[in-house]
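Please look over the two-chain model below. My notes follow as numbered points.

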Amino acid sequence: MKALGKGSVASIVEIGLAIAWWLLWIALGGLTLVAFGYGALHAMIAAGWIDAEILGGELDLTKGATGAAWPVVVPALVIGAIVIMGGLIIVGRLRRLFHNFTSGEPFRRENATHLRVIWITMLVVEVARYVLLGAIAALFAAVDLPDGAKADFSFNIDISTWMSIAILIVLAEVFREGARMKEEQELTI
Amino acid sequence: MAIRVTLDRILLERRMSLTDLSERVGVTLANLSILKTGKAKAIRFSTLNALCRVLECQPGELLSYEPSAQDAELERADTAVE
């Protein structure tokens with residue numbers, strides 16, 4: 001089976017990426033619903049329309065910044081949104097990249113740009129993950145946890161992500177150089 | 001690009017059209033047009049050979065060097081080093 005062109009491995013990957021693309025949109029929709037639902041619930045409790053006890057005694061949302069539920073849910077939603085939106089950018093660029101591969105044109109300047117956007121997005125998501133996890137840890141440190149509950153935070157570096165970023169940086173430049181050589185070859189008479 | 005292809009001048013002197021040249025040299029009209037308008041990045045020796053054969057000229061008659069701003073900058077840098 002050939003790697004590039006119609007009916008190739010690239011075309012199969014393109015189909016998989018299209019499925020991932022729609023799944024990510026569904027996840028984003030779900031996350032938006034959860035965020036709105038949580039916001040609405042919080043507003044209704046604040047307005048006194050519903051009793052916070054309905055959610056269970058340990059999750060007293062009316063405590064706001066001093067309660068456990070409020071500080072945990074918001075950064076979790078933010079992390080989820082960043083990861084899903086980052087995923088959408090990456091998968092969107094990969095779809096365009098593999099569309100070009102399926103067309104049999106790997107060395108195009110725009111492919112180098114797609115790879116560059118992918119590694120920058122991965123970098124932003126990874127750094128944002130560290131920052132937000134740090135923020136959650138800081139919030140937990142300021143909160144009295146209920147009996148029996150414990151928060152365990154440890155700083156870990158995902159070597160595979162950083163290696164992927166480094167590989168993509170190099171690949172982006174390889175594609176840029178390839179596109180430059182192809183242009184030069186096309187303009188050699 | 002500091003190297004210019006003076007194909008239009010030679011064609012005028014020979015009273016030859018680009019289409020005629022294309023047919024006699026065996027290079028497409030589109031590629032000759034790229035060469036004539038200075039958009040070409042490089043020229044093969046085989047193409048240069050065919051052009052010189054058909055136009056009965058030397059390679060130096062087809063090409064001329066006109067220093068660009070970048071070349072002038074490099075020249076100044078070289079002079080400063082010396």
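1. Chain B and chain A bury about 720 Å² between them, 66% of it on carbon and sulfur atoms. Buried area is the accessible area (1.4 Å probe) that two parts lose on being put together, summed over both. B:Lys41, B:Ala42 and B:Arg44 supply 58% of what chain B buries against chain A, more than any other three residues.

2. This is a predicted model: local features need pLDDT of at least 70, side-chain atom pairs count only at pLDDT 80 or more, and totals for chains, interfaces and linings use all residues. Residues are numbered from 1 along each chain as its sequence is written, chains are lettered from A and ligands numbered from 1 in the order written, and side-chain values use heavy atoms, without hydrogens and water.

3. The contact (heavy atoms within 4.5 Å) takes 11 residues from chain B and 4 residues from chain A.

4. B:Thr6 is buried, because its relative accessibility is 11% (buried is under 20%, exposed over 50%, partly exposed in between; 1.4 Å probe, protein chains only). Leaving out residues up to four places away in sequence, B:Thr6 touches B:Glu61, B:Leu62, B:Leu63 and B:Ser64. Its side chain reaches the backbone oxygen of B:Glu61 at 2.8 Å.

5. A:Met163 is partly exposed, because its relative accessibility is 48%. A:Met163 lies in helix α4 of chain A. Helices here are DSSP runs (H or I, at least four residues), and strands are E runs of at least two, numbered from the N terminus.

Key. Polar contact = N/O pair within 3.5 Å; in protein donor to acceptor, adjacent residues only side chain to side chain.
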